[in-house]
Amino acid sequence: NPFMDDHSKLYAEDFSDLKFTYEITNIVYEGESTVAAPIQDEGVPVEVSVVDKKNLPEDIYNGRYSPRVQLTIDVANNSDKDIKGVSGILTVKDMFGKDILSSTCDFTGQTIAAGSSVTYSDLGMDINEFMDEHTKFYNENYSDLIFEYTVNSIVYSDGETESFS
């Protein structure tokens, strides 16, 4: 990225003048799964699981002017009341547990019946190719990502709202 001094300096330096150091902080062995099981905070009656990630390339003929990541997310209602909406934060981490990005992620538009789940497949984000965290998210395989969801609040169909800290 020519607008970032660190990138420009690295690009302009001769290889023989560079010194590289690398610290190993974590090792993931072949065959180990890093995809997290549904994260459920204690006392929160909702489980949110990202079950798929699909990369969509730029396609100006179909109105997509930048690459896009499309997620499929299951939301399970473990309460005894129907849920009208869930508000929270989705955090995406690499296989080492390092944050890539976080975003508000609300689930509305479908009632989630008590004891059942709903799958949302229309959630995603447009990728800004000039932002490192966006390109890392786009380029990582689904199996190498960890997804965590923190519930902020739940609105039940009867109008009651429950907040979590």
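Which strand does K93 lie in? K93 sits in β3, a strand that covers residues 83-94; strands here are DSSP runs of E with at least two residues, helices are runs of H or I with at least four, and both are numbered from the N terminus.

Before we go on, a word on the model. It's predicted, so local features need pLDDT of at least 70 and side-chain atom pairs count only at pLDDT 80 or more, while totals for chains, interfaces and linings use all residues. Residues are numbered from 1 along each chain as its sequence is written, and side-chain values use heavy atoms, with hydrogens and water left out.

Back to K93. It has a relative accessible area of 15%, so it counts as buried (under 20%, with over 50% being exposed and anything in between partly exposed, using a 1.4 Å probe and protein chains only). Leaving aside neighbours within four places in sequence, K93 is in contact with several residues, including K98, D99, D144 and E148; contact means heavy atoms within 4.5 Å.

Now look for the largest nonpolar core, which has 30 residues. Such a core is a set of buried Ala, Val, Leu, Ile, Met, Phe, Trp, Tyr and Cys residues joined through side-chain atoms within 4.5 Å. Strand β3 is among the elements that give two or more residues to this core, but β6 gives the most, with six. Inside the core, F107 and F137 have the most contacts. Not counting residues up to four places away in sequence, F107 touches V48, I73 and Y149, among others.
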